[in-house]
Amino acid sequence: MDITKAPKQFLDNVTGGFSEEFFVLAMVSGEHANVYALTPQHAKRLSQWLAYQVESYEKKHKKIEAEWIPGMKSPIQSTDLSESGGK
């Protein structure tokens with residue numbers, strides 16, 4: 001597969017959770033989301049791959065200034081996307 005030819009979407013939010021058996025990763029673009037379930041091993045490898053990619057980027061370009069705040073909610077909630085608008 002040539003990944004450069006795959007369609008691309010800008011993500012404005014990534015969220016998810018986990019259970020004892022799997023991790024769930026939701027990638028949101030506008031009003032659309034793709035949801036993936038990963039084994040704990042795949043989730044760990046994804047985490048390692050992302051850390052490697054960010055480190056490589058920062059070595060080539062510049063340090064990325066960003067802070068992750070656990071539990072921070074997106075300004076757009078899934079209830080905002082429902083027909084009733086969460087009412």
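Reply: What follows is a walk through the sheet and its surroundings.

First, the ground rules. This is a predicted model, where local features need pLDDT of at least 70, side-chain atom pairs count only at pLDDT 80 or more, and totals for chains, interfaces and linings use all residues. Residues are numbered from 1 along each chain as its sequence is written, and side-chain values use heavy atoms, with hydrogens and water left out.

Start with the chain. It has two helices and three strands. Along the sequence they come in the pattern β-β-β-α-α. Both kinds of element are DSSP runs, numbered from the N terminus: helices are H or I with at least four residues, strands are E with at least two.

Now the sheet. It is open, has three strands in the order β1-β2-β3, and pairs in the antiparallel sense. Two strands pair if DSSP finds at least two bridges between them. Strands of a sheet pair through backbone hydrogen bonds, either parallel or antiparallel. The edge strands are β1 (13-18) and β3 (32-38), and each of them pairs on one side only. Neighbouring strands are turned by 15° against each other on average, direction ignored. Such angles are taken between N-to-C directions and run from 0 to 180 degrees; the axes are lines fitted to C-alpha atoms, for helices over the stretch in contact.

Take the two strand pairs in turn. β1 and β2 run antiparallel and are joined by six bridges. N13 stands opposite V28 in β2. A hairpin of four residues leads from β1 to β2. E21 sits in this loop. E21 counts as exposed because its relative accessibility is 63%. The scale is relative accessible area with a 1.4 Å probe, protein chains only: buried is under 20%, exposed is over 50%, and partly exposed lies in between. Leaving aside residues up to four places away in sequence, E21 touches T39 and P40. Touching, or contact, means heavy atoms within 4.5 Å. E21 and P40 are 19 residues apart along the chain, and their C-alpha atoms are separated by 7.1 Å.

Next comes the pair of β2 (residues 23-29) and β3. Seven bridges hold this antiparallel pairing. M27 has N34 in β3 as its bridge partner. S29 is bridged to H32 in β3. Two residues lie between the strands of this hairpin, and G30 in the turn has a positive phi of about 65°.

Stay with S29, which lies in strand β2. S29 counts as buried because its relative accessibility is 17%. With residues up to four places away in sequence not counted, it touches Q9, F10, L11 and D12. E31, by contrast, is in the loop between β2 and β3. At 67% relative accessibility, E31 counts as exposed. E31 and D12 are 19 residues apart in sequence and 10.0 Å apart in space, C-alpha to C-alpha.

What lies against the sheet? Helix α1 (residues 40-60) packs on it, touching β2 and β3, and the helix direction makes about 115° with that of β3.

β1, β2 and α1 are the elements that give two or more residues to its lining. That lining has 14 residues, and L25, A43, L46, S47 and L50 lie nearest the centre. A pocket is found on a 1 Å grid over the protein atoms alone: a 1.4 Å probe fits, the set of points is open, and protein lies on both sides within 12 Å along at least five of seven lines; lining residues have an atom within 4 Å of a point. The lining divides into ten nonpolar, four polar and no charged residues. Here Ala, Val, Leu, Ile, Met, Phe, Trp, Tyr, Cys and Pro are nonpolar, Asp, Glu, Lys and Arg are charged, and the others, Gly among them, are polar.

Last, step back to the whole chain. Of its 87 residues, 8% count as buried.
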